[in-house]
Amino acid sequence: MTDFEANGIAIRQGWWRTRIRAGALRIRGARLALLTSHGVEIDSDVLPRVRATAPWYVPAGFVRLVLAGRSYWVRLGTQQARCAIKAVASWRHQR
C-alpha cells in the first residue's frame, strides 16, 4: 500500500465553493481523508469507494476526488497530483 500526504492545499467542494485554502490530503492504510490545517476532518472514505481523476479540462495540479458521492477538487502541485492518483489507483489494483 502507498501512503501519501500533502499539506497546504486548497480544497473546494464542487468547482466553485472553497472549503479551505490550506488543508491537507492524507492517504493512510485503506482510507483517504481531507483535513483542515488544524487536523480536523472535513471528509473521509475508504479507498475502494474513492474516485480520483485529473480531467484534461482543468489546470495541471488539480485532482477531482469523489467521496461517498460528494465531489471535491484539491489543488496540488503537478507531481503531487500524479502521486495522489497513483496512491488511490495502486490500492484498487492490489485488491
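**Core.** I started with the largest nonpolar core, which has 23 residues; I11, L25, L32, L34, L65, V74 and L76 touch the most other members. Worth noting before I go on: this is a predicted model.

**L34.** L34 is in contact with I11, A24, L25, V40, E41, I42, D43, L65, Y72 and V74.

**Sheet.** Next I traced the strand order. I found an open sheet of seven strands, running β4-β3-β2-β1-β7-β6-β5 with antiparallel pairing. The edges are β4 (41-46) and β5 (51-53); each has a single partner strand, so one side of each has no neighbour in the sheet. Ignoring direction, neighbouring strands are turned by 30° against each other on average.

**β2 and β3.** I zoomed in on one pair. β2 and β3 pair in the antiparallel sense over five bridges. I also noted R26 standing opposite A33 in β3.

**D45.** Last stop was strand β4, where D45 sits. Is D45 buried or exposed? I get a relative accessible area of 2%, so D45 counts as buried, the cut-off being under 20%. What does its side chain pair with? I found a polar contact of 2.6 Å between the side chains of D45 and R49. Leaving out residues up to four places away in sequence, D45 touches A30, R31, L32, V50, L67 and A68.

Key: Residues are numbered from 1 along each chain as its sequence is written. This is a predicted model: local features need pLDDT of at least 70, side-chain atom pairs count only at pLDDT 80 or more; totals for chains, interfaces and linings use all residues. Side-chain values use heavy atoms; hydrogens and water are left out. A nonpolar core is a set of buried Ala, Val, Leu, Ile, Met, Phe, Trp, Tyr and Cys residues joined through side-chain atoms within 4.5 Å. Buried means under 20% relative accessible area, exposed over 50%, partly exposed in between (1.4 Å probe, protein chains only). Contact means heavy atoms within 4.5 Å. Two strands pair if DSSP finds at least two bridges between them. Helices (H or I, at least four residues) and strands (E, at least two) are DSSP runs, numbered from the N terminus. Axes are lines fitted to C-alpha atoms, for helices over the stretch in contact, and angles run from 0 to 180 degrees between N-to-C directions. A polar contact is a pair of N or O atoms within 3.5 Å; within protein, one must be able to donate a hydrogen and the other to accept it, and residues adjacent in sequence count only if both atoms are side-chain atoms.
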